[in-house]
Amino acid sequence: MKAVVLCGGVSPEREVSLNSGAAVAKALADFGYEAELCDIASISEFIKSWPEYHAECVFIALHGGWGEDGRIQAVLEAFGIPYTGSGPEACMLSMDKTAAKLIFANAGLPVPSGFIATRGEEGRGQAEEYLRRYGKIIVKPNGGGSTVGVTILSDIAGYGAALELAWQSEPKALVEEFIEGEEATVPVMESIDGGIFALPAIHIKPKSGFYDYKNKYTSGCTEYICPSDLPAETNDRLATLAVMAHRSLGCRSYSRVDFRVTPEGALYVLEVNTSPGMTATSLVPKSAKAYGLSFGEFLDEVARFSFAIDRG
C-alpha cells in the first residue's frame, strides 16, 4: 500500500509538522509501506496533483490551520480519498477550544472557566475578576496548538500584550482561569476490532517555566514520565476522562487529550488534539512505546483502522 504523508502547511506549526511528516514517512517505510512525503501548501493544488501520486491513501501529519480544523478532511472525503484520523466535524470541534469545552461540560467532563476576547470586546473587567478569583489567568488563541501565542498572567498589566500575541494567530483569544498543578496528557487509540482505549498517561514536567513551545520542542527542556508517576487512582481517572473526551467530540482512530492536575488531585480537560505531533520528542510515540508498541507498530495500527487493512 502506498500512502502520501501530508505535512507542512501554512500554520504557525509548520516546522513541527514537517518534522512529524518526515518521522511518519520513515517509520511507515521501515514497516513495509510505500510512503511519499508531501509538503502541502494548497489543498486545491494537492487535489489536482493527487492522480500523479498513484497512492491509495493519505496519512495526515499536519498541525494547526486548515490541516487540523476539518477543511482538508472534508475535501479528502469529497474526493473519496481515504485518510487517517478524525473526520471533519470532530477536527473542527477540537480545533475550536470554546466549542469543545461546551461539549466536554455537557458530557460531564471538568473544564476550566473561561471566556472569549476579541477586538472591541476585550473582556478586561472579566479578566480582572478572574485574577481576583483565581490568582492567575492564561491567554491563548482559541484555535491552534503547540502553545503558540500563550501567556500566563498574575496581574492585569500585561493583559493587552497577551491579547495581541494571541490575536496574531486568530481573531479570538481564549481567556481562562489558570489551573495550578501538574500537566498530563493521555493518547486514545481505536483498534480495528472496535476497541477504544487509553494509552499510558504521561506526566509532563518542564525543568523551568511552563510547557511552552521551547519546552515542548527542545530536547532536554522537559522531563516526560511515562507511564505517569501520578497516583494510580489519578491515572485511572485520566484514562477514563480521556476516552470520554475522545468520544464526546466524535474523534476517530486516535487522539491525544491534555489535562491539568491540581495538587489536590482534581482533573481538568484542556483540549483534544486530533492530529498530535509525531516528532522525536512527541508524546504519542512515547506513550505507545510504554504500552508496548514501536512507532511503526503504532502507525500500522492507525493505518489498519483508518483503511480497514486486514493482516490476519
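Predicted model: local features only at pLDDT ≥ 70, side-chain atom pairs only at ≥ 80, totals over all residues.
Ala105 is found in helix H5, which covers residues 97–106, and its C-alpha atom is separated by 24 Å from that of Arg132, a residue 27 places away along the chain.

I turn now to the parallel sheet. Three strands make up this open sheet, in the order E2-E1-E3, and their pairing is parallel. Strand E2, residues 34–40, and strand E3 are the edge strands, each of them pairing on one side only, while the twist from one strand to the next averages 30 degrees. If we look at the pairing of E1 with E2, we find seven bridges in the parallel sense, and, to give one example, Ala3 has Ala35 as its bridge partner in E2.

Two helices can be described against this sheet. H1 lies across E1, E2 and E3 and runs at about 160 degrees to E1; helix H3, residues 71–78, packs on the sheet as well, touching E1, E2 and E3, with a direction that makes about 175 degrees with that of E3.

Two packed helices are described by the angle between their axes and the distance between the axes. For helix H1, residues 14–30, and helix H11, residues 295–307, the axes come within 9 Å and cross at roughly 90 degrees, and H1 and H11 are therefore roughly perpendicular to each other. On the H1 side the contact is made by Ala23, Val24, Ala27 and Leu28, and on the H11 side by Phe295, Gly296 and Leu299; sorted by class, that gives six nonpolar residues, one polar residue and no charged ones.

Which residues touch the most other members of the largest nonpolar core? Of its 23 residues, they are Val5, Val24, Leu28, Phe59, Phe298 and Leu299. The elements that contribute two or more residues to this core are strand E1 (2–8), H1, strand E3 (57–60), helix H10 (283–291) and H11, and the largest share, five residues, comes from H11. Leu299 itself, leaving aside residues up to four places away in sequence, touches Val24, Ala27, Leu28 and Phe59. Apart from this core lies another one, of 22 residues, which includes Ala90, Val186, Leu241 and Leu249.

Finally, the antiparallel sheet. This is an open sheet of four strands in the order E4-E7-E5-E6, with antiparallel pairing. Strand E4, residues 114–117, and strand E6, residues 151–153, stand at the edges with a single partner strand each, so one side of each is left without a neighbour in the sheet. On average, and with direction ignored, neighbouring strands here are turned by 25 degrees against each other.

Within this sheet, strand E5, residues 137–141, and strand E7, residues 173–177, pair in the antiparallel sense over five bridges, and Val139 has Val175 as its bridge partner in E7. Helix H7, residues 159–167, packs on the sheet and touches E4, E5, E6 and E7, its direction making about 25 degrees with that of E5.

Technical notes:
Residues numbered from 1 in each chain as written. Heavy atoms only, no water. Axes fitted to C-alpha atoms, helices over the stretch in contact; angles between N-to-C directions. Parallel < 35°, antiparallel > 145°, perpendicular 65-115°, else oblique. Contact = heavy atoms within 4.5 Å. Nonpolar A, V, L, I, M, F, W, Y, C, P; charged D, E, K, R; others polar. Core = buried A, V, L, I, M, F, W, Y, C linked by side-chain atoms within 4.5 Å. Buried < 20%, exposed > 50% of the residue type's maximum accessible area, 1.4 Å probe, protein only. Pairing = 2+ DSSP bridges.
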